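Open the model in your viewer and keep the selection tool handy. We will walk from one stop to the next, and at each one you will hear what to select and what is there.

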Amino acid sequence: MGLFFKKKKANNEDVNSKNIEILDLDDSSKSKDKVVNTLEERKNNRIILLSVGIILLFVLLLPSIVKIFKKDSLNNYGSGTSNENTNSSGYCIIGSKDASMNTKNIQFYNFNKTSDNNISFSYRSSSIITDYKSLGLYFELYNKENQLIFRTAFNPTEKIQKNIVYSYNIKVNDLLYKEAVSSSISSLTKLKSSPDEYLLCSKTTTDESFKLVEENEYGFYKTALVIYNSSSVAFPLPTTTEENKDKYNTIFKTNYNDLKKSNITDIRVENNKLIYSIDLLKIDLLNSNYKLLYNLASAKRTIKIEEEAKGWSCE
């Protein structure tokens, strides 16, 4: 009986041993850990892939982003939109360090009055410009009433490089220097030889032999000088001698020859009289010694001030 009992116990132990082996808790824990680890690995892989994708996208878009920031930097450099920097007409107030304006991919800023009646400004371009004359840009000055008092072509002495800061100086007469309070840069590419406004200036002088009557009529298209008509007539005085009676005929014929070389056809010279017309949009001065009275697009105020300073009467 005792032996039989031990044997049965042994069998029970075998059975229990087998059950423990089937329900091995260690193996179940390992399998569960593997499942958890697999989920975490997938999550980490997704994060890595997403990060790599973002980095690649940033690298691909980097040139465009840099270009945008460079453009914004150029446009915002020295820019000013408050009333402290620009007036009601949008012109830059001279002396305001934050006032600027952009045109034709060029930024103009730092307009200042300097010594010896000079007015200076800085400029830089967002691109290389070799043919600046084709831009038709003009520097303008305005008085406190926002009236145009001066205009001159923007003519750099060298090719404009990209993102290089240049300085520009313009000399004006005393009165214009005092009157100027604001400035602007305009593009005048559609001027026409069809004046809508005129200024007539005249002057009479007398020497020992002649009375010389001169008249210049200036025609403006949208405030820009485009043509002028000139008339000079010398009237002999009783004191005129045989020796100097042809004085003005000689002077006028010399002027006539210079004008003919300048592609000017509307000229008349006769009996101490010279009359001609200048179209500033067509004149060619390459082969001529003729000096223009005023350049294309000059302002009416400038001409009036300078002519009256020389003793002419203008109206």
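Start by selecting E7, which has a covered face made of Tyr166, Tyr168 and Ile170 and an uncovered one made of Ser167, Asn169 and Lys171. In a regular strand, side chains alternate between the two faces of the sheet. Strand and helix names here come from DSSP runs numbered from the N terminus, with helices (H or I) of at least four residues and strands (E) of at least two.

Before moving on, a word about what is on screen: this is a predicted model, in which local features need pLDDT of at least 70 and side-chain atom pairs count only at pLDDT 80 or more, while totals for chains, interfaces and linings use all residues. Residues are numbered from 1 along each chain as its sequence is written, and side-chain values use heavy atoms, with hydrogens and water left out.

**Next to E7**

E4 and E7 pair in the antiparallel sense over 6 bridges; two strands count as paired if DSSP finds at least two bridges between them.

**The whole protein**

Now zoom out. The protein has 5 helices and 14 strands. Of its 315 residues, 35% are buried, where buried means under 20% relative accessible area, exposed means over 50%, and partly exposed lies in between (1.4 Å probe, protein chains only). Among contacts with a separation of 6 or more, 59% are between residues 24 or more positions apart; a contact means heavy atoms within 4.5 Å.

**A four-stranded sheet**

Select E1, E8, E5 and E6. They form an open sheet of 4 strands in the order E1-E8-E5-E6, with antiparallel pairing. The edge strands are E1 (92-93) and E6, each pairing on one side only. E1 pairs with strand E8, residues 182-187, over 2 bridges in the antiparallel sense, and Ile93 stands opposite Ser182 in E8. While you are here, click on Cys92: this residue is buried, with a relative accessible area of 0%.

Then go to Thr103 in strand E2, residues 100-103. Is Thr103 buried or exposed? Thr103 is buried, with a relative accessible area of 17%. Setting aside neighbours within four places in sequence, Thr103 is in contact with Phe108, Leu137 and Ile185.

**The largest pocket**

On a 1 Å grid over the protein atoms alone, a pocket is an open set of points where a 1.4 Å probe fits, with protein on both sides within 12 Å along at least five of seven lines, and lining residues have an atom within 4 Å of a point. Grid points are joined across faces, edges and corners, and a volume is the space filled by probe spheres set on the points.

Which element gives the most to this lining? E6 does, with 4 residues. The lining of the largest pocket divides into 16 nonpolar, 6 polar and 6 charged residues. Here Ala, Val, Leu, Ile, Met, Phe, Trp, Tyr, Cys and Pro count as nonpolar, Asp, Glu, Lys and Arg as charged, and the others, Gly among them, as polar.

**The second largest pocket**

The second largest pocket has a volume of about 340 Å³. Select Glu214, Ser230, Ser232, Tyr276 and Leu293, which are the closest to its centre among the 21 lining residues. E10 gives the most to this lining, with 5 residues.

**Helix H5 and beyond**

Select H5 and colour its buried residues: Thr302, Ile303, Ile305 and Glu307. Their cover includes E6, E9 and E14. After H5 comes Gly311, with a positive phi near 95 degrees.

**Last stop: the disulfide**

Show Cys201 and Cys314, which are joined by a disulfide with S to S at 2.1 Å; a disulfide is a pair of cysteine sulfur atoms within 2.5 Å. Cys201 lies in strand E9 and Cys314 in strand E14, so the pair ties together parts 113 residues apart in sequence. Both Cys201 and Cys314 are buried.
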